[in-house]
Protein chains: 4
Amino acid sequence: MDAQFHSAGIAALFEPATELAHMLAFEAALARAQGELGLIPAAAAAIIADTCEDSGSPLRLDPETVRRAGNPAIPFVSMLTDRIRSVDADAAAWVHYGATSQDLIDTATMLALRETFAIVRHDLHQLRESMATLVRTHARTPMLARTLLQQAMPTTLGYKLAAALAGLDQVAARMTEISTTHFALQLGGPVGTLAAAGAQASELVRDVAARLGLAPAAICWHTNRVRIAECGAVLATLTGQLAKIARDVVLEMQSEVAELAEGHASGKGGSSAMPHKHNPVDSVVAIAAATVTPQLAAGLFAAMTQEHERGAGGWHAEWLLLPQLCSLSHGALQSVLEIMLGLRVDAERMRANLDSTLGLTSASALANALAPALGRDVAHSTVQAWSRSALSERRNLREIAERNLATFEKNPLTQAQLADAFSIEREVAAAEARALQYLQQRSPAT
Amino acid sequence: MDAQFHSAGIAALFEPATELAHMLAFEAALARAQGELGLIPAAAAAIIADTCEDSGSPLRLDPETVRRAGNPAIPFVSMLTDRIRSVDADAAAWVHYGATSQDLIDTATMLALRETFAIVRHDLHQLRESMATLVRTHARTPMLARTLLQQAMPTTLGYKLAAALAGLDQVAARMTEISTTHFALQLGGPVGTLAAAGAQASELVRDVAARLGLAPAAICWHTNRVRIAECGAVLATLTGQLAKIARDVVLEMQSEVAELAEGHASGKGGSSAMPHKHNPVDSVVAIAAATVTPQLAAGLFAAMTQEHERGAGGWHAEWLLLPQLCSLSHGALQSVLEIMLGLRVDAERMRANLDSTLGLTSASALANALAPALGRDVAHSTVQAWSRSALSERRNLREIAERNLATFEKNPLTQAQLADAFSIEREVAAAEARALQYLQQRSPAT
Amino acid sequence: MDAQFHSAGIAALFEPATELAHMLAFEAALARAQGELGLIPAAAAAIIADTCEDSGSPLRLDPETVRRAGNPAIPFVSMLTDRIRSVDADAAAWVHYGATSQDLIDTATMLALRETFAIVRHDLHQLRESMATLVRTHARTPMLARTLLQQAMPTTLGYKLAAALAGLDQVAARMTEISTTHFALQLGGPVGTLAAAGAQASELVRDVAARLGLAPAAICWHTNRVRIAECGAVLATLTGQLAKIARDVVLEMQSEVAELAEGHASGKGGSSAMPHKHNPVDSVVAIAAATVTPQLAAGLFAAMTQEHERGAGGWHAEWLLLPQLCSLSHGALQSVLEIMLGLRVDAERMRANLDSTLGLTSASALANALAPALGRDVAHSTVQAWSRSALSERRNLREIAERNLATFEKNPLTQAQLADAFSIEREVAAAEARALQYLQQRSPAT
Amino acid sequence: MDAQFHSAGIAALFEPATELAHMLAFEAALARAQGELGLIPAAAAAIIADTCEDSGSPLRLDPETVRRAGNPAIPFVSMLTDRIRSVDADAAAWVHYGATSQDLIDTATMLALRETFAIVRHDLHQLRESMATLVRTHARTPMLARTLLQQAMPTTLGYKLAAALAGLDQVAARMTEISTTHFALQLGGPVGTLAAAGAQASELVRDVAARLGLAPAAICWHTNRVRIAECGAVLATLTGQLAKIARDVVLEMQSEVAELAEGHASGKGGSSAMPHKHNPVDSVVAIAAATVTPQLAAGLFAAMTQEHERGAGGWHAEWLLLPQLCSLSHGALQSVLEIMLGLRVDAERMRANLDSTLGLTSASALANALAPALGRDVAHSTVQAWSRSALSERRNLREIAERNLATFEKNPLTQAQLADAFSIEREVAAAEARALQYLQQRSPAT
């Protein structure tokens with residue numbers, strides 16, 4: 001029932017088959033590097049690496065064996081050793097030499113994370129570009145801004161989208177940073193000191209890391225999980241910002257607002273009982289994901305307290321948390337991308353909603369205009385009283401203002417000033433300018 | 001990689017095949033009840049129900065169709081209607097009559113939860129009984145109690161287990177309560193009012209609920225998710241208490257403590273790099289689960305804020321949270337049950353650890369014995385100073401005490417009183433008594 | 001900045017002054033009970049208890065001393081002992097006899113929780129009664145139901161409120177249950193076995209508990225935190241349900257919907273920049289609280305994993321979590337109570353919104369009416385097509401339906417059937433009936 | 001009761017008095033910049049700014065007024081306007097001109113966060129340097145490494161600390177990055193477009209930001225909360241890593257291990273009931289904090305879903321979460337700093353623990369030594385069997401190995417190889433080398 005929220009592509013990166021492929025890549029790189037450095041016999045290194053890289057008959061782990069062993073690395077190493085022994089008994093002695101289960105599992109996780117980030121960054125780039133295009137197109141499309149869900153003042157759709165895009169740009173910059181620094185080889189041996197490599201430990205780490213396209217960690221990170229926590233944090237942040245956008249779409253799609261809508265597609269968003277409805281199904285995906293991802297990130301923070309040189313439970317909790325954090329974040333991203341690619345904008349309705357506000361969205365401008373003459377807070381309370389009259393009489397605030405200003409001994413506003421206060425041009429122009437300035441300043445390349 | 005932490009049996013209850021079976025059961029019960037109440041034609045009711053109950057060729061939902069629809073109910077109803085139309089075109093008009101997607105999905109969830117709770121309660125009962133047996137067996141097996149992970153005073157293994165068992169007993173009582181009241185039919189139609197049933201709404205709810213073995217909700221609970229939150233809470237509480245037990249086992253299994261151990265089984269808990277190790281693999285499962293379950297329960301609390309008559313995201317988040325909360329809780333339970341069934345108790349080591357404390361665990365008793373003469377806090381600070389001497393000189397506190405008491409003008413303790421303070425009999429007897437009293441008072445039947 | 005969200009009354013229950021009072025009450029009760037059972041001299045017991053109960057010159061703990069001790073109990077006991085020594089040196093030896101810091105702190109927490117629950121239950125009762133009154137008043141006030149924030153079908157305000165009330169009723173029942181069983185004395189001495197009381201341990205627990213109005217725990221619960229977790233869970237559940245109600249109010253207060261509003265009060269909910277706005281300030285309190293309370297409850301679940309006989313960190317985390325969970329929950333409750341007491345209902349606007357739906361909310365009824373003739377899914381897709389025409393042409397669905405039905409060879413609907421499909425009477429009657437039935441069935445007394 | 005966990009210094013940064021000071025700084029900077037750009041009269045600008053900067057008679061907000069207004073900005077602006085009116089009525093009209101409540105509150109939060117990060121970074125630097133010193137001192141101090149809390153193989157204290165230090169270094173680098181980019185002025189006016197500043201909006205933002213020492217945001221971030229979420233994430237990550245260190249200290253302080261201890265100080269870590277105990281009170285502070293901070297960070301992620309141009313609840317939840325996240329993180333940092341500054345290292349006990357392992361920690365080296373002759377997995381299972389014999393006979397593994405090797409047809413190990421396998425020198429040298437290499441590579445300056 002939950003499959004519709006996950007990214008199938010990302011989920012696959014953490015499934016047994018891919019994990020096995022990543023573990024084989026680790027053993028191959030380790031053997032080749034050890035062979036080159038003379039830590040193990042060159043012949044054994046070649047046999048191990050060739051066997052690992054031979055995609056002919058894939059390994060398969062039995063779930064019950066994994067459960068009894070407590071992790072997949074132990075049965076994997078044993079199975080791989082058997083296979084290599086069947087090729088060359090001497091080589092079998094050098095499989096996984098000097099390494100430990102956690103080296104294998106953490107490195108496999110890093111390889112999966114690296115691919116996850118590559119995919120997410122790619123799609124995030126697409127989403128950001130599609131939003132930038134919408135910002136440009138709608139830089140001057142007037143609509144209501146709403147604060148605490150109350151109609152506030154005019155803005156433009158372009159500005160609204162630019163403000164949301166800025167958050168995605170910040171997340172993208174952080175993901176780029178993480179991608180260049182955080183995906184590091186884990187290689188420390190049983191207790192992290194890589195004792196089996198002796199003086200060549202650093203060289204071995206650099207060599208294996210280079211073969212796998214990972215960063216060489218300056219020191220083994222078996223129970224320093226800052227990397228993992230930071231990856232979790234950026235994914236939760238991304239999903240939060242996606243859900244902010246999605247929630248706005250849901251609110252805009254309300255029958256009473258009806259300014260934006262997700263694209264129609266056959267079979268999409270219908271209701272089983274109410275045939276006229278068009279449900280915000282893509283937005284719902286992002287919002288549901290963002291209800292869960294903060295919790296998964298919290299789990300990763302909580303799991304950091306790992307004991308001594310290998311945690312009893314905290315490390316294992318990561319296996320439960322990280323894969324779904326990745327696949328839910330990407331699921332949310334795909335949904336919001338689909339929304340933006342198919343976004344239906346009803347500019348007429350936006351304008352109609354603006355016009356239906358009885359001029360109340362100009363109340364702030366009116367109060368500002370009156371402030372020099374009346375003082376800021378008298379102006380504010382005066383306009384507040386007029387606004388109440390407008391609401392109760394269902395008359396436009398401008399009409400109420402004119403009626404009342406006529407009773408002033410000295411009218412503090414010229415007709416031009418009054419017209420200016422009730423024009424939305426200033427707000428629209430400001431919104432357009434800020435939106436376009438943002439597009440110029442941002443770094444789309446990230 | 002995470003499969004080893006989940007209960008496969010529980011996970012299956014939330015998988016598409018079981019969900020479809022539950023949805024068919026709902027439609028069958030609905031049709032039969034509506035037929036009996038005359039809300040739909042009796043012939044149509046029979047055809048619908050018979051078709052639903054015919055297990056011949058199971059329905060299969062296409063994941064992409066589900067994703068587009070936003071939930072599995074819409075394509076399910078459409079597929080079921082097609083099938084019934086192929087039997088009888090008239091009957092097809094009455095499928096799912098008056099009901100809505102959420103009725104179907106929530107009821108299916110309730111059926112899965114009911115089965116989950118039945119399984120969990122069964123295994124929890126077994127665990128509690130196995131612990132009660134251990135309490136009885138070890139009511140007088142002396143061991144160290146530890147506070148803030150410091151050796152404190154003597155207790156018994158029976159008492160330690162009885163105190164932990166009490167928490168499980170409380171959770172079991174709560175689960176029984178929930179099982180008898182919380183698993184309720186969802187049946188409200190599009191907006192909850194069950195308008196299609198007219199004056200027979202209550203009767204229809206009672207009838208359908210009875211057919212499914214669920215409670216009839218007093219009013220539709222589409223966006224009142226208290227039931228769901230309370231189920232989540234009790235599972236998180238259970239897992240927390242299981243992890244408390246598991247963490248104690250991990251601490252007891254430390255090489256330096258070595259008082260308890262998980263049972264040995266071939267291939268279990270070995271280390272890939274360190275052949276002598278015996279890892280606490282079952283305990284780790286419960287601890288990892290309990291790192292995640294608080295977060296999943298928090299997600300359910302957060303998801304309660306569902307809008308109007310059907311939530312946009314909050315409801316859907318439940319589908320992501322509840323199944324894994326169920327399967328992780330049961331996974332943790334199975335692990336702790338396995339621990340208790342195979343628990344290895346090293347009573348000798350417990351006794352040796354007790355004897356190695358330099359008499360410091362009697363410090364409290366010694367201070368209490370001195371209190372009447374010296375006053376409580378002088379007694380306390382005196383014994384604290386003696387304890388420091390014991391530690392620095394590596395001599396038994398009793399020896400230090402005797403040496404110092406000899407310098408008192410008037411020795412405040414008789415030899416018998418001193419012996420009594422350093423005897424562990426009083427503590428052991430108290431621990432035994434409290435443990436056995438608890439066994440007598442508890443309600444094992446829950 | 002956060003004070004406005006907390007209940008000052010509840011916060012005070014966890015502040016040092018109240019905590020000291022609760023600790024004094026514990027020591028008084030302990031001394032009196034021990035005196036009566038002959039565990040300590042009767043004279044000492046009387047002096048200790050009298051001193052504790054003498055409210056003349058309150059004790060004051062120095063925060064830095066508390067920090068160094070690691071908890072407030074240690075300096076408290078030392079300060080109390082000093083005071084009693086100044087009265088009677090012999091009595092001082094018997095202060096806190098056989099007890100431990102955690103007994104003192106946990107019991108003080110239980111006393112604060114008991115008062116918290118009493119206050120919360122009282123105000124929750126008021127809220128539920130105010131909602132029950134609104135249900136009765138508005139049982140037949142028609143309004144739109146909305147699913148996934150889309151206009152769905154007619155309901156009544158009374159029904160909407162009854163459905164939300166049901167959740168509060170469930171929470172209230174659970175709070176009653178907890179109040180009668182969960183607030184238990186903690187009394188176990190250093191390691192839980194209450195060894196100092198020997199054979200009189202059970203009797204002592206019963207006696208002290210009775211004096212404090214707490215339940216006697218069947219066994220000491222130093223590291224069994226099920227009680228605490230369950231209290232946290234029910235408060236998070238309560239706040240979740242309150243936020244569900246508050247979010248609906250926020251949505252109803254949207255300028256475009258404007259069906260409900262928080263009461264106006266001077267200075268309330270104004271905007272600094274936009275004088276016409278009426279912000280949902282009370283609703284915001286409940287929603288903000290409910291963003292935090294799930295996390296606090298999760299913290300309590302996570303804190304359950306307490307080591308051996310006294311946790312190193314988990315127990316202490318409760319002190320950070322529980323007080324704010326209590327004061328935020330009650331703050332949210334007070335806000336929703338204020339909303340309900342001042343709720344402004346615009347029945348005219350509700351009706352106008354209903355009428356503005358182009359008849360689309362009758363689409364489901366129309367499809368049901370057509371189903372017998374066309375089959376359920378043809379009827380559904382037909383009405384879906386007509387609904388799209390209604391939306392694009394901005395014409396009423398009934399008009400579209402009539403136009404199209406006229407083209408049928410044989411019109412499947414009589415005029416009466418058509419009128420019935422477009423009448424909201426059936427829905428209103430159903431909503432009214434369900435709401436009033438709920439009021440009859442519920443147990444207001446809880 | 002919770003004060004001992006919070007940093008009083010940080011807590012003060014979020015208290016009303018500091019918040020008022022920050023709000024005054026905002027209004028002063030805004031007025032000066034607006035005066036300079038000609039957006040408001042120069043005379044008014046000077047009067048406003050001078051009044052704000054006059055520390056003579058501080059403003060005081062009434063909590064009840066704040067509660068009714070929904071935030072502190074509204075009464076603050078009103079009070080400030082009154083004060084300025086009393087100086088100059090004309091100037092009063094220009095107070096807070098073009099700005100909105102959220103500009104004021106978010107900017108005040110940024111100023112508090114900037115100071116928080118400065119303090120935390122300072123103390124974190126101190127902690128890191130104290131740990132680097134310990135790494136150097138103990139680079140060759142042998143001790144047991146432990147995996148899953150089981151004795152594993154030799155390492156050194158210096159290595160253990162270096163591995164933990166690496167995590168703190170990563171967090172410090174991230175904090176530096178955030179400090180240079182994330183603390184940004186909030187200035188957008190009612191709906192973010194800063195319409196009142198017209199074409200000078202960007203210039204105004206740059207000018208005000210420069211005056212406050214904040215970054216100028218490229219676009220207003222009223223409902224883009226990525227900044228806040230990222231600050232929360234790094235603090236939770238920091239606390240997680242601190243708790244990792246603290247938990248290791250707690251485990252090392254166990255009576256049975258006793259290798260490390262928190263420094264003794266009078267009145268510190270004593271037990272009320274057990275005078276001999278030395279409780280890990282500083283470690284407990286960090287662990288308790290880290291039980292809560294993941295949840296607070298999750299709350300911030302969840303709060304990101306803020307509606308339209310100002311959130312109803314999500315924004316407000318930040319006020320509840322961020323201050324305590326800051327003060328708990330710093331409280332944890334202070335505690336771990338205190339631990340490191342006073343750390344008591346019992347190198348003798350470390351050595352004794354190493355020697356008590358029956359040679360089992362050399363099992364891995366022995367298996368590696370046997371691997372070329374027996375094959376890796378036969379070597380592994382052989383050594384596993386010998387290890388079991390060692391444990392059951394309580395004899396050293398070397399003795400068992402020699403006994404068994406004597407029965408081999410051809411002894412696969414020379415005496416030198418055997419001695420080498422049981423020497424800890426290789427492990428100690430490796431640990432030392434890795435630790436010192438890390439110190440060379442790291443960037444302490446961050």
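Rings of Phe, Tyr and Trp (its six-membered ring) are taken to pair if their centres lie within 6.5 Å, with planes under 30 degrees apart called stacked, over 60 edge-to-face and the rest tilted; over all chains, the structure holds 22 aromatic pairs. This is a predicted model, in which local features need pLDDT of at least 70 and side-chain atom pairs count only at pLDDT 80 or more, whereas totals for chains, interfaces and linings use all residues. Residues are numbered from 1 along each chain as its sequence is written, and side-chain values use heavy atoms, leaving out hydrogens and water.

**View 1. Phe117(A) and Phe183(A) form an aromatic pair.** The ring centres of Phe117(A) and Phe183(A) are 5.0 Å apart and the planes stand at 75°, so the pair is edge-to-face. Phe117(A) is buried (under 20% relative accessible area, with a 1.4 Å probe and protein chains only), at a value of 0%, and Phe183(A) also counts as buried, at 4%.

**View 2. Trp315(D) and Trp319(D) form an aromatic pair.** With centres 4.9 Å apart and planes at 80°, the rings of Trp315(D) and Trp319(D) are edge-to-face. Relative accessibility is 1% for Trp315(D) and 3% for Trp319(D), and both count as buried.

**View 3. Glu309(B) and Lys160(C) form a salt bridge.** A salt bridge is counted where a side-chain nitrogen of Lys or Arg lies within 4 Å of a carboxyl oxygen of Asp or Glu, and in this one the closest N and O atoms of Glu309(B) and Lys160(C) are 3.1 Å apart. Between chain B and chain C the count is four salt bridges.

Conventions
Chains lettered and ligands numbered in written order. Buried < 20%, exposed > 50% of the residue type's maximum accessible area, 1.4 Å probe, protein only.
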